[in-house]
Amino acid sequence: MMDTSTTDTAPGVQTALLRLMHLVSPSLPVGGFTYSQGLEWAVESGWLGDAKDTERWLTGELKATLAYLDLPVAARMMAAVAADDRDGLAHWTHLLLAARETSELRAEERQRGRAMADLLRAWDLPGSADWRDLLAQSQTAGIAFAAVRWQIPVADALGGLAFAWAENLVLAAVKLVPLGQSDGQRVLMRIAAEIPAAVDLARGLGDDGIGASSPALAIASACHERQYTRLFRS
């Protein structure tokens, strides 16, 4: 009989993986697919015209913004939830919102946060009702809360958060650029290959190293707020 003791996945690890897949699913009813984070204006302006442009734009955002802001903040949010530290979670939530450079990006963080907080209560996650007002301020806080409650390892949760971000925006680019489905999947595969390094960088940052500014993203998002015809929310 074949010995599978070294290949079988422990039930707890498998459950955490399945929960992570659930948490980052594009079908999650938090409205991720309704936002383009400035991509729509970048396409209309001629900044993005093909798969190579899209990959360069998103890879740049992963390395310059997610790795230095979203991911290290999410790790600290998880630590605060694990320690039952609401003041700590509030601190990192307020920092993240302050770092969103346009009203559109701040509104997305809050709107998706409210939807995520309601979903956490629907899942009956312990403490989700008591923490609801705080979690509703940021989608990242809600993801961090769920990851802790479901005992998802920090590195896995950060990788899932980054992949969900990339997948949503690649799907937006497929519609907007437009890209073929195969081109979109190739772009997503190449961006995904950069995520582990971004997670490692994020986990190694001290508090003083957290922060990011992306002028191109800020310009595109601000212009998208007033774009005459658009598919995605502002």
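In what order do the elements of the protein chain run from the N terminus on? In this predicted model, the elements run α-α-α-α-α-α-α-α-α-α. Along the principal axes, the C-alpha atoms fill a box of roughly 55 × 50 × 35 Å.

Of the 234 residues in the protein chain, 50% are buried. Among contacts with a separation of 6 or more, 77% are made by residues 24 or more positions apart. The accessible surface of the chain amounts to about 11400 Å², and carbon and sulfur atoms account for 54% of it.

One feature of the surface is a nonpolar patch formed by Leu17, Leu18 and Met21. Together these residues have about 300 Å² of accessible area. Leu18 is placed in helix α1, which covers residues 11–23.

Aromatic side chains were examined next. A search of the whole structure finds four aromatic pairs. One of these pairs is formed by Trp41 and Trp47, whose rings are edge-to-face, with 5.0 Å from centre to centre and 90 degrees between the planes.

Trp123 and Trp150 form another aromatic pair. Their arrangement is tilted, with a centre-to-centre distance of 4.9 Å and an angle of 45 degrees between the planes. Trp123 lies in the loop between α5 (103–122) and α6 (132–135), whereas Trp150 lies in the loop between α7 (139–149) and α8 (154–176). The pair therefore ties together parts that are 27 residues apart in sequence. The two residues fall on either side of the 20% limit for burial. Trp123, with a relative accessible area of 23%, is partly exposed, while Trp150, at 13%, is buried.

Definitions and conventions: Residues numbered from 1 in each chain as written. Predicted model: local features only at pLDDT ≥ 70, side-chain atom pairs only at ≥ 80, totals over all residues. Heavy atoms only, no water. Patch = residues over 30% accessible without salt bridge, like charges linked within 9 Å, V, L, I, M, F, W, Y side chains within 5 Å. Areas by Shrake-Rupley, 256 points an atom, 1.4 Å probe, with all protein chains shown as cover. Salt bridge = Lys/Arg side-chain N within 4 Å of Asp/Glu carboxyl O. Helix = DSSP H or I, 4+ residues; strand = E, 2+ residues; numbered from the N terminus. Buried < 20%, exposed > 50% of the residue type's maximum accessible area, 1.4 Å probe, protein only. Contact = heavy atoms within 4.5 Å. Phe/Tyr/Trp six-rings, centres within 6.5 Å; stacked < 30°, edge-to-face > 60°.
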